[in-house]
Amino acid sequence: MKNKGTIFTNVQLSDGTTTNITVSGEMISYVGKDIDSSLDVVDCSGLIALSGFVDLHTHLREPGFEQSETILTGSRAAAKGGFTCVHPMANTNPVADNSAVVEQVFALGHSAGYVQVQPIGAVTANLEGKNLADLGKMNASAAKVNVFSDDGKCVSDSLVMRRALEYVKAFDGVIAQHAQDPQLTVNAQMNESALSLKLGLTGWPAVAEEAIIARDVLLTEEVGSRLHVCHVSTKGSVEVIRWAKSRGINVTAEVTPHHLILTEDLVSSYNPIYKVNPPLRSQEDVLALRMAVADGTIDIVATDHAPHTADNKDCEWGEAAFGMIGLETAAAIVKTTLIDSGLINWSRFEELLSANPASISRINNQGQKIEQGSFANIVFFDPKSEFVVDAATESKSSNNPYIGMKLSGSVVHTLFRGAFTVKDSQVQEIGNTNAH
Ligand SMILES: [Zn+2]
């Protein structure tokens with residue numbers, strides 16, 4: 001007998017109301033008090049339903065680095081973390097700087113079936129920072145790329161950055177900049193501070209990030225285009241972005257979960273699990289970033305999930321790769337640092353993790369309000385659960401800096417287009433019949 005649908009009862013929405021949500025097929029067919037008893041019932045007492053999370057900054061490593069992650073394993077980790085859409089960065093091998101590669105990534109995401117995989121295209125050919133990639137063709141491709149980034153590298157040449165901003169303006173695309181002046185960060189290993197001197201590690205000055213952001217917001221104003229700043233990590237960057245927004249410059253900004261909770265002090269252990277780009281900063285920076293999320297200067301939280309094999313992480317600090325995994329812990333970190341401290345409410349939480357990233361990427365079937373007629377991309381979140389992070393992960397990599405930390409808030413169910421990708425905190429096995 002064909003399933004008419006499922007009703008999720010006694011669930012709280014981000015505005016605080018308690019209601020029932022009926023899902024039929026891929027859609028939300030009803031939100032309200034009435035209960036159709038012929039439907040399957042899932043009791044969601046104590047849970048909050050939020051629009052499925054959208055990650056604007058993910059590394060899925062495929063094609064080319066499948067020993068660290070694949071689109072399938074990364075998609076499973078994303079679903080486990082409550083995501084229904086991820087944006088994999090272009091620094092794969094081959095680089096996603098043309099329609100063939102972005103269409104391949106898009107198709108592999110569709111086959112995996114756990115989340116919408118919406119590829120980011122490179123800004124420059126082979127991430128070399130010299131010649132623009134085929135931005136228009138990637139936008140017009142089946143992958144409909146709207147976000148472009150050389151992430152991992154900065155588009156440091158001012159003329160190339162200006163041209164990129166001009167080019168994407170034609171189709172309302174956005175340049176997502178990894179703000180790092182390469183000349184100021186040669187061999188940089190950690191935040192430049194008293195601690196970097198003490199530890200004897202080459203410092204990574206805040207100004208290397210802030211100067212690029214300042215230049216880019218001015219270029220964006222000049223061109224009248226759209227800029228997104230990846231992984232903002234310093235107090236000064238926040239001040240530059242706040243100033244730019246006050247001038248009406250079309251800039252959005254993201255912060256990662258790790259920059260909201262971890263500080264440079266952890267580097268004293270010389271444990272490369274804490275080696276990340278941009279580096280962990282001071283407690284003062286962390287507090288400034290939290291305030292910037294609360295006051296709207298920072299628009300979204302994005303994971304910068306960066307899986308690496310043990311070979312690339314279990315080695316000396318200087319040899320280790322930059323990056324940490326983060327899809328499965330992101331929501332709990334935002335909840336622990338921002339909700340539990342009273343800085344934000346659940347509506348803001350939903351904006352940060354869902355509506356705003358979807359809007360920056362101009363995808364209209366994600367980040368929708370939970371209401372009749374929306375796609376059933378929903379995460380059911382338990383705000384009361386407290387847990388100690390363990391090593392278990394859906395990712396192919398285990399570079400998780402949070403093991404042993406106590407966090408609060410966990411994903412109980414994730415629905416992607418009406419289907420459970422996660423049920424009772426377990427990732428479901430999906431046979432995607434629509435796979436191509
Ligand atoms: Zn980056």
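In strand 14, V229 finds its bridge partner in A253. That pair belongs to a predicted model, where local features need pLDDT of at least 70 and side-chain atom pairs count only at pLDDT 80 or more, while totals for chains, interfaces and linings use all residues. Residue numbers start from 1 along each chain, following the sequence as written.

Strand 13 (residues 227–229) and strand 14 (residues 251–255) run parallel and are joined by three bridges. Strands here are DSSP runs of E with at least two residues, numbered from the N terminus, and two of them pair if DSSP finds at least two bridges between them. Five strands make up an open sheet, in the order 9-10-13-14-15 and with parallel pairing. Strand 9 (147–148) and strand 15 (300–301) sit at the edges with a single partner strand each, so one side of each has no neighbour in the sheet.

Zooming out, the chain splits into domain 1 (6–48 + 373–427) and domain 2 (52–360), with bounds taken from an automatic or database domain assignment. Their C-alpha centres are 26 Å apart. Across the boundary, 29 residues of domain 1 are in contact with 40 residues of domain 2, contact meaning that C-beta atoms, placed from the backbone, lie within 7 Å. On the domain 1 side, the elements giving two or more residues are strand 16 (378–388), strand 17 (406–416) and strand 18 (419–423). Strand 17 supplies the largest share, seven residues. By class, this side of domain 1 has 13 nonpolar residues, 13 polar and three charged; Ala, Val, Leu, Ile, Met, Phe, Trp, Tyr, Cys and Pro count as nonpolar, Asp, Glu, Lys and Arg as charged, and the others, Gly among them, as polar.

Definitions and conventions: Contact = placed C-beta atoms within 7 Å. Helix = DSSP H or I, 4+ residues; strand = E, 2+ residues; numbered from the N terminus.
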